[in-house]
Amino acid sequence: MKNFIKITLLLLLLPLVFSSCIKENDFVINEESASLEDIINVKLIDVLEGKKITVTTNYLKEKWEKEIYIEDDVKVTLDKFEILQSETEEGVKAYFLKAKSTDGTINTGSFILLNKDANGDNVFLLGSKTCFCKGCSSGCELIIDGTRCRCSSCPSGEDCVKTETVIIEDE
């Protein structure tokens, strides 16, 4: 009987020990997903005209597709999202939210910055630095190195164009 009680207690406590040791990661790194919510397990916000807006898959698709259309006169459908991680020269982790078009010819995205809200809780902001690669579907991949962006090359004869934008706020 004593052994039965010990085994029962052990079976009840074991899941608690394992679940308390598992820490949910903030980001799923280097995995493409059609849904932003599947790869980001934190509150991500965008500041637009002084308003804080929670970033969702639909919000981001509409925003970035519209920006691409306005800037490059290209109608695009973004359907894959991915979090890239790199490290700065100082050893600080840098995160980048990348989106890819359906045909694979356009990669765009923004750095993600850790911030604190009014309660002191961690929130993440879409950064003011964005990067854009446009070209072939078998290359021209947006890659980050620290806080720098680059685009991989296309097969010979095809062009890959990179654009970086940094928004500087007036204080």
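**Disulfides and a buried lysine**

The disulfide of C140 and C160 is right-handed, because the torsion about its S-S bond is about 80°. Please keep in mind that this is a predicted model. The two sulfur atoms of C140 and C160 are 2.0 Å apart. This pair links distant parts of the chain, 20 residues apart: C140 is in the loop between β6 and β7 (142-145), and C160 is in the loop between β8 and β9 (161-166). As for accessibility, C140 counts as buried because its relative accessibility is 0%. C160 has 27%, so C160 counts as partly exposed.

How many disulfides does the structure hold? There are four. Counting bonded cysteines along the chain, the pattern is 1-5, 2-6, 3-7, 4-8.

Next, the pair C133 and C151. These two cysteines form a disulfide with 1.9 Å between the sulfur atoms. C133 belongs to strand β6 and C151 to strand β8, so the bond ties together parts 18 residues apart in sequence. Is this disulfide left-handed or right-handed? It is left-handed, because the torsion about the S-S bond of C133 and C151 is about -85°. C133 is buried, at a relative accessible area of 1%. C151 is at 18% relative accessibility; the cut-off for buried is under 20%, so C151 counts as buried.

Strands β6 and β8 come up again with C131 and C149. A disulfide joins these two, S to S 1.9 Å. C131 sits in strand β6 (residues 122-134) and C149 in strand β8 (residues 148-151), and the link spans distant parts of the chain, 18 residues apart. With 65° about the S-S bond, the link of C131 and C149 is right-handed. Both C131 and C149 are buried.

K98 is part of strand β4, which runs over residues 93-101. Is K98 buried or exposed? The relative accessible area of K98 is 4%, so this lysine is buried. What does the side chain of K98 make a polar contact with? The partner is the side chain of N107, at 3.4 Å. N107 is also on the list of residues in contact with K98, which leaves aside neighbours within four places in sequence.

To recap, the torsion of C140 and C160 makes their disulfide right-handed, while C133 and C151 form a left-handed one. K98 is buried and has its side-chain polar contact with N107. I will stop there and take questions.

Terms used:
Residues numbered from 1 in each chain as written. Predicted model: local features only at pLDDT ≥ 70, side-chain atom pairs only at ≥ 80, totals over all residues. Heavy atoms only, no water. Helix = DSSP H or I, 4+ residues; strand = E, 2+ residues; numbered from the N terminus. Buried < 20%, exposed > 50% of the residue type's maximum accessible area, 1.4 Å probe, protein only. Polar contact = N/O pair within 3.5 Å; in protein donor to acceptor, adjacent residues only side chain to side chain. Contact = heavy atoms within 4.5 Å. Disulfide = S-S within 2.5 Å.
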